[in-house]
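Please look over the sequence and the structure shown here before reading on.

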Amino acid sequence: VQLQASGGGLMQAGGSLRLSCTTSAINSKLNAGGWYRQTPGNQRELVASITAVGSTNYATSVKGRFAISRDNARNTLYLQMNSLKPEDTAVYYCNVGPLRTVLSGAFGSWGQGTQVTVSS
C-alpha cells in the first residue's frame with residue numbers, strides 16, 4: 001500500500017493545519033483509515049480513526065479539536081487539526097486497512113510521516 005502524508009509544518013499554538021494522506025487503498029469499502037503520531041522515544045499512538053462507513057473515533061487528547069474525514073473519490077484521508085497545542089508536536093502518519101488493524105496499529109509497513117511542530 002502506497003501512502004503519502006503531507007500538510008505538516010510549523011504552527012503557533014492555537015492555529016490550524018490540515019493533513020492529507022493519499023492512497024488508493026482508502027477507496028475500498030472494506031477499509032478503515034487512521035492517523036497516528038509519534039514523538040522521539042515513544043511508541044506511535046492512534047490519534048483518530050474512521051471506519052468504512054464514516055464512523056469516527058478520537059484519542060481523548062485531541063477530541064473536540066481534530067477531525068478525521070475521507071474522500072474516497074479523491075483517494076484521500078484528511079486530518080483537520082484545530083486549536084493546536086505544543087504537545088501536538090510529533091511526526092504524523094496515516095494508514096489504511098481493516099478496522100481491527102487500524103485500531104491496533106499493527107501494520108507491516110508505514111509510509112513517510114509529516115512533521116507537525118507547534119510553538120508556544
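## A serine and its contacts

Which residues does Ser20 touch, not counting residues up to four places away in sequence? In this predicted model, Ser20 touches Gln4, Ala5, Ser6, Trp35, Thr76, Leu77 and Tyr78, when residues up to four places away in sequence are not counted. Ser20 itself is found in strand S3, which covers residues 17-22. With a relative accessible area of 15%, Ser20 counts as buried, because buried means under 20%.

## Thr76 in strand S8

One of the residues that Ser20 touches is Thr76, whose place is in strand S8, residues 76-81. Thr76 is also buried, because its relative accessible area of 7% falls under the 20% limit. The side chain of Thr76 reaches the backbone oxygen of Arg74 at 2.7 Å.

If neighbours within four places in sequence are left aside, Thr76 is in contact with Ser20, Cys21, Thr22, Ile26, Ser69, Arg70 and Asp71.

How many of the eight residues of strand S9 are buried? Strand S9, residues 90-97, is mostly covered, with seven of its eight residues buried.

Strand S9 is joined by seven bridges to strand S4 (residues 32-38), and these two strands run antiparallel; in this pairing Gly34 stands opposite Asn95 in S9. Strand S9 is also joined to strand S10 (residues 114-119), here by three bridges and again in an antiparallel arrangement, and Tyr92 stands opposite Thr114 in S10.

## The largest nonpolar core

In soluble globular proteins, nonpolar side chains tend to be buried together. In this model the largest nonpolar core has 26 residues, and those with the most contacts inside it are Trp35, Phe66, Ile68, Leu77, Leu79, Met81 and Tyr92. The elements that give two or more residues to this core are S3, strand S5 (45-50), strand S7 (66-71), S8, S9 and S10. Of these, S9 gives the most, with four residues.

Leaving aside neighbours within four places in sequence, Phe66 is in contact with Arg37, Val47, Tyr58, Leu79, Gln80, Met81, Asn82, Leu84, Asp88 and Tyr92. Among these contacts, Leu79, Met81 and Tyr92 are also listed with the residues that have the most contacts inside the core.

Note on methods
Residues are numbered from 1 along each chain as its sequence is written. This is a predicted model: local features need pLDDT of at least 70, side-chain atom pairs count only at pLDDT 80 or more; totals for chains, interfaces and linings use all residues. Side-chain values use heavy atoms; hydrogens and water are left out. Buried means under 20% relative accessible area, exposed over 50%, partly exposed in between (1.4 Å probe, protein chains only). Two strands pair if DSSP finds at least two bridges between them. Contact means heavy atoms within 4.5 Å. A polar contact is a pair of N or O atoms within 3.5 Å; within protein, one must be able to donate a hydrogen and the other to accept it, and residues adjacent in sequence count only if both atoms are side-chain atoms. A nonpolar core is a set of buried Ala, Val, Leu, Ile, Met, Phe, Trp, Tyr and Cys residues joined through side-chain atoms within 4.5 Å.
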